[in-house]
Amino acid sequence: HTAEVLDQWLECQRAWLYLEPIFSSEDIAVQLPLLTRKFEKVNHTWRKIMGQAKNNPVALNFCTASGRLLDHFTDANKQMEMIQKGLQDYLGDKRQLFPRFYFLSDEELLEILSQSKDPVNIQPHLKKIFEAIEAVEFEGGAMVSFRSSEAEVLPLETPLVPRGNVEQWLLELQAQMKKAVHLQLQKSLLDYPKPSTAPTPKAGGPPQAIPTLPLNPQSGD
């Protein structure tokens with residue numbers, strides 16, 4: 001009996017350690033109210049048992065003192081298994097809405113979702129979400145430009161203020177990124193020196209625009 005209790009106890013501890021930081025986030029609690037309430041019940045049971053264990057630190061005595069301890073752990077483990085399944089469904093829904101979330105692990109995605117009120121905290125994950133993007137630069141709470149790992153800066157046509165769910169404004173950011181690249185390519189083509197064959201965009205333009213310029217702009221190639 002004691003060995004069975006300890007097995008369920010350790011299983012419960014592993015699940016609780018994984019879920020507790022997630023459901024401590026206000027953002028997650030707002031987005032997943034049902035799962036949060038389920039976890040709060042399990043959390044109450046877990047903390048109550050831990051308090052009792054602290055007062056009775058001899059494992060054999062504690063495991064045999066109550067005939068319901070195994071039932072409590074077994075039920076808590078079932079509840080947390082259901083919570084984790086609900087969490088996986090939630091992450092799957094987010095990935096369907098913004099497919100670039102598939103580039104992130106569950107832990108990384110949960111970290112983003114739990115800090116969605118502060119977009120600056122999402123910066124460390126941008127490299128995985130958008131290739132070659134080191135960071136997004138802010139001014140007055142609005143996103144104004146992208147910066148690569150080579151320190152190249154690409155301004156947005158219109159400053160973007162992140163509002164709503166994180167996947168929504170990331171979709172807007174993605175659209176702005178495409179538009180910004182398109183505009184820079186247009187500017188590079190217009191700045192391309194007509195009489196010369198040397199592809200030299202205007203100073204300050206992104207070097208990656210060079211390969212897209214025609215070898216002979218007058219021929220239209």
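How much space lies in the largest cavity? About 40 Å³ lies there. The model is predicted: local features need pLDDT of at least 70, side-chain atom pairs count only at pLDDT 80 or more, and totals for chains, interfaces and linings use all residues. Residues are numbered from 1 along each chain as its sequence is written, and side-chain values use heavy atoms, with hydrogens and water left out.

On a 1 Å grid over the protein atoms alone, a cavity is a set of points where a 1.4 Å probe fits but cannot get out; a pocket is an open set with protein on both sides within 12 Å along at least five of seven lines; lining residues have an atom within 4 Å of a point. A volume is the space filled by probe spheres set on the points. The count comes to one cavity of 30 Å³ or more.

| Space | Volume | Lining by class |
|---|---|---|
| Largest cavity | About 40 Å³ | eight nonpolar, one polar, no charged |
| Second largest pocket | About 170 Å³ | four nonpolar, five polar, one charged |

The lining of the largest cavity includes Phe-138, Met-143 and Trp-169. Strand S1 (135-139) and helix H8 (166-191) are the elements that give two or more residues to this lining.

Among the residues lining the second largest pocket are His-44, Lys-48, Phe-62 and His-72. Helices H3 (33-55), H4 (59-65) and H5 (69-97) each supply at least two residues of that lining, and H3 provides the largest share, five residues.

The structure holds zero disulfides (pairs of cysteine sulfur atoms within 2.5 Å). Cys-12 is buried (under 20% relative accessible area), at 1%. Cys-63 is also buried, at 0% relative accessibility.

Methods
Helices (H or I, at least four residues) and strands (E, at least two) are DSSP runs, numbered from the N terminus. Ala, Val, Leu, Ile, Met, Phe, Trp, Tyr, Cys and Pro count as nonpolar, Asp, Glu, Lys and Arg as charged, and the others, Gly among them, as polar. Buried means under 20% relative accessible area, exposed over 50%, partly exposed in between (1.4 Å probe, protein chains only).
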